[in-house]
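Dear colleague,

I am handing over the structure below, and I would be glad if you could look through it with the notes that follow.

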Amino acid sequence: MDIHEYQAKEILARFGVPVPRGGLAYSPEQAAYRSREIGGDKWVVKAQVHAGGRGKAGGVKVCFSDREIEEVANEMFGKRIVTHQTGPEGKIVYRLYVEGGVDIQREIYLGFVLDRKSERIMVVASASGGMEIEEIAERAPETIVRSVVEPAVGIQEFQAREIAFALGFEPGQIRQAVETITGCYRAFDELDATMVEINPLVVTGDGAVLALDAKMTFDDNALYRRQEISELRDKSQEDPRETMAADRGLSYVGLEGNIGCIVNGAGLAMATMDMIKSSGGDPANFLDIGGGATPDRVAKAFRLVQSDHNVEAILVNIFAGINRCDWVAEGVVKALEANPVDIPVIVRLAGTNVNEGRKILEESGLPIITATTLAEAAEKAVSAWHEDNASHLKAVAS
Ligand code: GDP
Ligand code: MN
């Protein structure tokens, strides 16, 4: 789960990371009021959307009066910000953050990621901040500093100092840099983050270290024990299909294709997507209904896939161990009876109570295509989708 910049800054500040003074605004008048609260003669108005690259997309503006702030804010509210991280549909601005302007002397990149290879949190930093890390990796790879943190002891002061020196901080700035690095690490570790990024971390004209931007991502699987973090969720910034799924406790990722998938288990879901691909089709989603799925849960998953307008065929693939095929079949029938579809539905059931499950499908009288193996199911799904498309085309042509 992603959060907004202002939320990340609020969290990081609690861990000792220095951030500029700022205030949140839901209206242009409030934005102007924030600037008076903050004081000074230069402010930055920042669009709060879940994406980086806002600066280049018109989402970060430096202002010199409260009238200018109102104008800029008026422009930004409701605007669709499109960056390389949002996809072509962009993200809409509903909140603005107003900060005191800063005199920037140097821009540094500071990131914390999960390194799969070492299975550790890794600090990734560069003295050439201001650019995205991908760009730094391309244009100045020699400037990138990497440092793996030993989880048993956490980040050590000497390690943070080493990183700070490698980034070229001057002696008077080292203490603040070390506090920033250790603060970010502790926030990452204690709050179950998967990513913390400060870009840029700046040195100001009077030599202070300050986090000008902040981004945090959290592990969805840990949100149940991080109430204060899960409350920061902003659904206006998410793919509506994924929001709906998360609200129903389903593991769902929207994709570009047109064969909707309902599968149990992440491994089988991946295999199903591969099989659809190798049969010449394109999956519309990844959906794992998990173990012990009740008919109700299956019906919800079905409705979710049905609500995606790109879906032109639905493949249900269940290998039931903890699950029960009869419950799955009941769920499918329930969903189809409540909400009939005119697209092909293919169901493959195997495992616990498979005979009962097949019987429920048969007796329902619904035009469900059944299969016994995964390969057969994927092939039937793709060919049924082709035929269905061809008949629609014929109907349109005649
Ligand atoms: P991003 O484009 O989404 O990563 O948004 P940032 O918060 O990083 O802002 C983009 C750029 O705006 C930064 O890299 C800075 O160069 C600039 N910027 C942000 N805050 C200030 C500020 O207070 N003063 C000045 N002069 N520039 C700023
Ligand atoms: Mn940035």
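How many residues surround ligand 1, and which are the closest? Ligand 1 is surrounded by 16 residues, of which K46, R54, G55, V102 and E107 are the closest, where a residue counts as near if one of its heavy atoms lies within 4 Å of the molecule.

Please bear in mind that this is a predicted model, in which local features need pLDDT of at least 70 and side-chain atom pairs count only at pLDDT 80 or more, while totals for chains, interfaces and linings use all residues. Residues are numbered from 1 along each chain as its sequence is written, chains are lettered from A and ligands numbered from 1 in the order in which they are written, and side-chain values use heavy atoms, with hydrogens and water left out.

By class, the shell around ligand 1 holds six nonpolar, five polar and five charged residues (Ala, Val, Leu, Ile, Met, Phe, Trp, Tyr, Cys and Pro count as nonpolar, Asp, Glu, Lys and Arg as charged, and the others, Gly among them, as polar). Domain 1 (1–20 + 103–238) and domain 2 (21–101) both contribute residues to this shell, so ligand 1 lies between them; the domain bounds come from an automatic or database domain assignment.

As for polar contacts (pairs of N or O atoms within 3.5 Å), an oxygen atom of ligand 1 lies 2.5 Å from an N or O atom in the side chain of K46. An oxygen atom of the ligand is also 2.8 Å from a polar backbone atom of G55, and one is 2.8 Å from an N or O atom in the side chain of E107. Taken alone, ligand 1 exposes 560 Å², and the protein buries 81% of that, with accessible areas taken from the Shrake-Rupley method with a 1.4 Å probe.

Turning to the backbone, a cis peptide bond, with omega about 10°, joins N199 and P200. D192 is a residue other than glycine with a positive phi, near 60°.

Technical notes:
Polar contact = N/O pair within 3.5 Å; in protein donor to acceptor, adjacent residues only side chain to side chain.
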